[in-house]
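Let's take a walk through this structure together. Keep the 3D view open and follow along.

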Amino acid sequence: MVVLWLAQLFVFVAIILSAIFGNSLVIVAVWRNRKLRTWTNYFVVSLAFADTLVALGAMSFNASQTLNEGRWVWGQVMCDLWNSLDVYFCTTSILHLCCISVDRYYAICKPLQYPLTMTARTVRIMLTAIWILPGFVSFLPIFGGFYTTEANLHARSKVLEQCDFEVNGTYAVVSSSISFWLPAVVMIITYYRIYREAAQQEHILYRTKVAAALLNKHLQISEIPISVQNNSSS
């Protein structure tokens with residue numbers, strides 16, 4: 001049992017430290033290199049910061065509960081805090097990915113509108129919304145107690161070493177829609193349009209190369225030097 005406990009501890013510590021180290025490298029890379037300071041990378045840096053907080057604020061409590069064989073030893077207030085942080089950071093990460101997909105959509109599909117749309121003000125508003133909106137589906141309903149059922153609230157008051165995240169139907173629908181379904185729909189639409197635009201550009205490039213190859217072949221058959229043909233055209 002001791003060996004298994006130490007193995008679990010090692011795995012959790014390795015995962016947490018790897019997450020912190022990896023995301024820290026992303027933040028430092030953008031901070032040290034001016035060429036990487038683009039609007040898209042600002043979203044990436046913010047996402048890396050959110051994932052770092054996930055490792056510190058959510059994964060650490062999860063490791064504690066697992067290592068204590070499912071027993072919660074931090075009290076009910078910290079239980080609500082852990083559940084809130086878990087929902088908050090997961091929602092924040094997904095919203096970051098959603099905003100990155102929108103940014104890439106404008107950059108690839110509407111390049112002329114991109115500088116006018118993705119301005120510094122727009123990026124600041126999007127980042128502010130990313131960090132504020134998840135609070136309305138995490139801290140507010142969880143600490144308010146209306147995220148779960150009455151039976152679960154009654155059971156928690158009697159079993160202090162239990163920290164289960166049992167939700168009611170209303171919260172499950174609202175939270176999953178904001179945290180997953182709506183961002184997922186946006187990402188599917190934007191990346192599908194990006195795929196169509198890339199396929200169209202690839203088709204145009206292929207036709208251009210084929211036309212150039214046919215022209216080159218025609219000039220060779222006609223024994224007309226390409227350089228002479230270009231000079232005469234100019």
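This is a predicted model: local features need pLDDT of at least 70, side-chain atom pairs count only at pLDDT 80 or more; totals for chains, interfaces and linings use all residues.

Buried means under 20% relative accessible area, exposed means over 50%, and partly exposed is in between, with a 1.4 Å probe and protein chains only. Residues are numbered from 1 along each chain as its sequence is written, and side-chain values use heavy atoms, with hydrogens and water left out.

Now to helix α5, residues 120–132. (Helices are DSSP runs of H or I with at least four residues, numbered from the N terminus.) Its 13 residues reach 18 Å from first C-alpha to last, close to the 18 Å expected at 1.5 Å a residue; that expected span is 1.5 Å times one less than the number of residues. Val 123, Met 126, Leu 127 and Ile 130 of α5 are buried. They sit on the same side of α5 because they cover an arc of only 95 degrees around the axis, taken from the directions from the helix axis to the C-beta atoms. An α-helix has 3.6 residues a turn, so residues three or four places apart point the same way. On the other side of α5, Arg 121 and Arg 124 are exposed. The buried residues of α5 pack against α2 (39–67) and α3 (75–109).

Stay with α3 and find Thr 92, which counts as buried at 0% relative accessibility. Its side chain reaches the backbone oxygen of Tyr 88 at 2.7 Å. Leaving aside neighbours within four places in sequence, Thr 92 is in contact (heavy atoms within 4.5 Å) with Ala 50, Ile 130, Trp 131 and Pro 134.

Cys 79 lies in helix α3 and Cys 163 in the loop between α7 (150–158) and α8 (169–221), so the pair ties together parts that are 84 residues apart in sequence. The torsion about the S-S bond is about 95 degrees, so the disulfide is right-handed. Cys 79 is buried at 0% relative accessibility, and Cys 163 is buried at 5%. Cys 98, by contrast, is in no disulfide; the nearest cysteine sulfur, that of Cys 99, is 5.6 Å away.

Definitions and conventions: Helices (H or I, at least four residues) and strands (E, at least two) are DSSP runs, numbered from the N terminus. A polar contact is a pair of N or O atoms within 3.5 Å; within protein, one must be able to donate a hydrogen and the other to accept it, and residues adjacent in sequence count only if both atoms are side-chain atoms. A disulfide is a pair of cysteine sulfur atoms within 2.5 Å.
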